[in-house]
Amino acid sequence: MTPELDPNTQSQMPRPAQAGDPTAAVPPEAPLAMPVQDFKAAPPPGPAFQTAAPEVRLARLIAFGGAALVTVLGAWQMWAAFGANILPLQYVLLVLFSITFAWIGFSFLSMLAGLLARQHETPADEGNARIAIVMPVYHEDPADSMGLLAALGDQIAEIGLADRTEIFVLSDSRDPDVFAAEALAVAKLRASAPIPVWYRRRTDNAGRKAGNIAEFVRRWGGRYDQMVVLDADSVVSGDVVRQMSARMSADPALALIQTIPMLVQGQTIFARVIQFAGRIYGPAVARGVAAWSGDNGNFWGHNAMIRVRAFAECCGLPELSGNPPWGGTVLSH
């Protein structure tokens with residue numbers, strides 16, 4: 001059954017592609033049902049619950065148990081340093097010290113758990129999943145965004161994924177000057193890209209970014225097995241896309257896999273400090289998080305590969321009752 005689109009999310013209807021027509025803005029629609037979830041109801045059934053693997057339990061013991069131990073020891077030593085007569089402000093200092101020490105200790109022990117954990121290799125069989133590189137844009141600099149997609153498209157072709165990968169630019173731009181520039185930039189990208197490039201602009205921004213992605217899934221989700229959702233300033237390599245796709249294809253129960261987000265080209269002193277820190281210890285900390293989280297995890301919202309059908313079945317966001325910000329549209333990645 002073909003799902004009906006919410007009338008509030010109807011987009012400008014560009015000419016769909018026909019057989020042998022390389023000039024159409026969008027491909028033929030391949031609808032995929034994306035039901036709106038009821039937050040009060042039980043979640044839909046997923047893969048059977050499995051106890052965490054022994055290596056994951058060990059990583060959790062090291063990260064959480066170790067952090068608890070060092071926090072207790074640190075607080076005890078600080079208490080001893082204050083002596084017998086503790087002043088009220090020293091109690092405040094002890095509480096703040098303990099919280100800070102726990103955070104630092106957990107970061108270190110989490111990193112240690114990652115260093116001791118077994119690392120998984122990318123499967124040699126890359127599978128044959130159809131991949132969509134999806135970039136939602138809203139009043140972005142089209143030259144920068146399309147330039148990043150052009151580089152990624154070239155890398156996708158170089159590693160041999162051109163026959164099953166497509167780029168889809170999803171525009172929510174309202175300013176006529178901006179979307180005119182977008183259309184021109186996309187046309188130049190399509191002329192030079194070694195993989196198909198599609199462009200759709202909505203005239204109604206219902207749901208914002210989440211609504212933009214949801215409409216894409218409902219109209220074209222059946223065309224793809226996996227999608228990589230990028231921000232307009234995301235930089236990701238073709239080899240990373242290949243590795244994520246191969247790992248997802250090898251595990252039918254894997255619905256989302258994400259990269260380590262890192263700041264690049266920071267301009268301010270603060271941004272450069274964060275960028276430097278992320279480069280130095282970001283991979284080690286992320287390796288630890290991967291070790292103790294196992295097959296569960298927090299979605300960071302950037303540069304993730306998502307299994308399209310699983311996303312459609314579970315991630316349709318409802319309108320919440322009440323007034324914003326506690327009601328209305330869920331503002332989510």
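# A walk through the predicted model

Ile260 sits in the loop between β5 (256-258) and α7; helices (H or I, at least four residues) and strands (E, at least two) are DSSP runs, numbered from the N terminus. This is a predicted model, in which local features need pLDDT of at least 70 and side-chain atom pairs count only at pLDDT 80 or more, while totals for chains, interfaces and linings use all residues. Residues are numbered from 1 along each chain as its sequence is written, and side-chain values use heavy atoms, with hydrogens and water left out.

Ile260 counts as partly exposed because its relative accessibility is 39%; buried means under 20% relative accessible area, exposed over 50%, and partly exposed in between (1.4 Å probe, protein chains only). Not counting residues up to four places away in sequence, Ile260 touches Pro283, Ala286 and Trp300, where contact means heavy atoms within 4.5 Å. Ile260 and Ala185 are 75 residues apart in sequence, and their C-alpha atoms are 29 Å apart in space.

The loop between β5 and α7 also holds Gln265. Gln265 is not a glycine, yet has a positive phi of about 55°. With a relative accessible area of 65%, Gln265 is exposed. A positive phi of about 55° is also found at His139, again not a glycine. His139 belongs to the loop between β1 (131-137) and α3, and its relative accessibility of 34% makes it partly exposed.

Now the view widens to the whole protein. The protein has 8 helices and 6 strands. Along the sequence they follow the pattern α-α-β-α-β-α-β-α-β-α-β-α-β-α. The C-alpha trace spans about 85 × 50 × 45 Å along its principal axes. The protein has 333 residues, of which 38% count as buried. Among contacts with a separation of 6 or more, 77% are between residues 24 or more positions apart.

The axes of helix α1 (residues 54-82) and helix α2 (residues 88-116) are 7 Å apart, and the two pack at an angle of about 150°. Axes here are lines fitted to C-alpha atoms, for helices over the stretch in contact, and angles run from 0 to 180 degrees between N-to-C directions. At that angle, α1 and α2 are therefore roughly antiparallel to each other; angles under 35 degrees count as roughly parallel, over 145 as roughly antiparallel, 65 to 115 as roughly perpendicular and the rest as oblique. The crossing of α1 past α2 is right-handed. A crossing is right-handed if the near helix is turned clockwise from the far one by less than a right angle, and left-handed if anticlockwise. By class, the residues of the contact of α1 with α2 comprise 21 nonpolar, 7 polar and no charged. In this scheme Ala, Val, Leu, Ile, Met, Phe, Trp, Tyr, Cys and Pro count as nonpolar, Asp, Glu, Lys and Arg as charged, and the others, Gly among them, as polar.

Helix α1 also meets α7: their axes come within 7 Å and cross at roughly 125°. The two helices α1 and α7 are therefore oblique to each other. On the α1 side the contact is made by Val56, Ala59, Arg60, Ala63 and Phe64, and on the α7 side by Ala291, Trp292 and Ser293. These residues of α1 and α7 divide into 6 nonpolar, 1 polar and 1 charged.

A further pair is formed by helix α3 (residues 142-158) and helix α4 (residues 176-192), whose axes come within 9 Å and cross at roughly 20°. That angle makes α3 roughly parallel to α4. The crossing of α3 and α4 is right-handed. Pro142, Met146, Leu149 and Ala150 of α3 meet Ala181, Glu182, Ala185, Val186 and Leu189 of α4. The contact of α3 with α4 has 8 nonpolar residues, no polar ones and 1 charged.

The last stop is Asn303, in the loop between α7 (269-293) and β6 (304-307). Asn303 is buried because its relative accessible area is 11%. Its side chain makes a polar contact with the side chain of Ser234 (2.8 Å). A polar contact is a pair of N or O atoms within 3.5 Å; within protein, one must be able to donate a hydrogen and the other to accept it, and residues adjacent in sequence count only if both atoms are side-chain atoms. Leaving aside neighbours within four places in sequence, the contacts of Asn303 include Val229, Leu230, Asp231, Met244 and Gln258.
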